[in-house]
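Open the model in your viewer and keep the sequence panel in view. Each stop below says what to select and what is there.

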Amino acid sequence: MKKYAQITDYLQRFLDNEVRKTGMKRVVVGLSGGLDSAVVAVLAQKVFGDDLLCVKMPSQYSSQSSLDDADELCRDFDLKNITCSIAPMLEAYEAMYDDMDNLRKGNVSARLRMTTLFDISARENALVLGTSNKSELMLGYGTLYGDLASAINPIGDLYKSEVFELAEYLHVSQSIIKKPPSADLWDGQSDEADLGYTYAQLDTAMKLYVDKRLSPQEVIAQGVDAKMLDMIIQRIFRNHFKRKMPVIAKLTSRTLGHDFNYPRDITL
């Protein structure tokens, strides 16, 4: 576990540095009862203590087990928390349309949660911490301006399988670690069922294709399923827009994103 001791130390320093340089002292994180938000909350608590506020945002579709797991985590780590249900907003929106499928309901839910979280962050003069892992970001498995939105993301360079291992090191509740990954956006929703493969399978392939930059043929030669790899590659490139700021049409000599890329830490 030496690897995760080093990762924990680095991520704590990362959070402290990135928040302090903005002039802010407080952070907020949406706590779902799932693995990723639990890991981010525990990391943040070590850095910010009572300057961390965890926000539980259940809907009418949230499972009781997720609510219980979030409550258990708050008790275990003494996390300051509040509950702000999105159910009234989601029910009002759904009432306007009788043709909403699960995808649309899930996207609306994710964006209502982030609207709520950013409003609370404004009230608290705090920054929103992201909880999307590298597996989700590479595959585009998330909602643009929903769960993919944040000011700072400490776990975006950790694959889901690595987040599981980090959670073990941090002593996150076993009820959270052991349950099947789910965004809990509708009844019975499962990440791995949506993707068609387990995170262990997906991460093995992405570590070869993305991190080691092997060709598709070389990845397949390592024993990776060709059909799965094709799905991964299609999703990586098809969803690249989710990992970028909106593309701006270039009309002048100083276009944002094209010619206006100052270092993040620039000072006047």
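**Stop 1: Y97**

Select Y97. At 38% relative accessibility, Y97 counts as partly exposed, because that class lies between the 20% limit for buried and the 50% limit for exposed. Keep in mind that this is a predicted model. Y97 sits in the loop that links α4 (87-94) to α5 (102-124). Y97 and Y4 are 93 residues apart along the chain, and their C-alpha atoms are separated by 47 Å.

**Stop 2: helix α2**

Select residues 35-48, which form helix α2. This helix has 14 residues. From the first C-alpha to the last, α2 reaches 20 Å, close to the 20 Å expected at 1.5 Å a residue. Is α2 mostly covered, or mostly open? Mostly covered: 11 of its 14 residues are buried. Colour the buried ones: L35, D36, S37, A38, V39, V40, A41, V42, L43, A44 and F48. G49 follows α2, and its phi is positive, near 60°.

**Stop 3: the nonpolar cores**

Show side chains around V39, L73 and V172. These residues have the most contacts inside the largest nonpolar core, which has 36 residues. Which elements give two or more residues to this core? They are α1 (2-20), β1 (26-30), α2, β2 (52-56), α3 (64-77), α7 and α8 (174-178). The most comes from α2, with nine residues.

Centre on V172 next. Neighbours within four places in sequence are left aside here. Beyond them, V172 is in contact with A38, V39, V42, L73, F77, A167 and I177.

**Stop 4: α7 against α10**

Select residues 160-169 for α7 and residues 199-211 for α10. Two packed helices are described by the angle between their axes and the distance between the axes. Here the angle is about 115°, and the axes are 8 Å apart. Which residues make the contact? From α7 come K160, S161 and E162; from α10 come Y199, D203 and K207. By class, the contact of α7 with α10 has four charged residues, one polar and one nonpolar.

**Stop 5: two positive phi values**

Most residues other than glycine have a negative phi. The next two selections have positive values.

Select Y145. Its phi is near 65°. Y145 is placed in the loop between α6 (134-139) and α7. With a relative accessible area of 53%, Y145 is exposed.

Jump to R213, in the loop between α10 and α11. The phi of R213 is near 60°. R213 is exposed too, with a relative accessible area of 73%.

**Stop 6: D225**

Finish at D225, in the loop between α11 (216-221) and α12 (226-238). Is D225 buried, partly exposed or exposed? D225 counts as partly exposed, at 40% relative accessibility. What does its side chain reach? The D225 side chain reaches the backbone nitrogen of M228 at 2.8 Å. Last, draw a distance from D225 to K242. The two residues are 17 apart in sequence and, C-alpha to C-alpha, 26 Å apart in space.

Note on methods:
Residues numbered from 1 in each chain as written. Predicted model: local features only at pLDDT ≥ 70, side-chain atom pairs only at ≥ 80, totals over all residues. Heavy atoms only, no water. Axes fitted to C-alpha atoms, helices over the stretch in contact; angles between N-to-C directions. Helix = DSSP H or I, 4+ residues; strand = E, 2+ residues; numbered from the N terminus. Contact = heavy atoms within 4.5 Å. Nonpolar A, V, L, I, M, F, W, Y, C, P; charged D, E, K, R; others polar. Expected span 1.5 Å × (residues − 1). Buried < 20%, exposed > 50% of the residue type's maximum accessible area, 1.4 Å probe, protein only. Polar contact = N/O pair within 3.5 Å; in protein donor to acceptor, adjacent residues only side chain to side chain. Core = buried A, V, L, I, M, F, W, Y, C linked by side-chain atoms within 4.5 Å.
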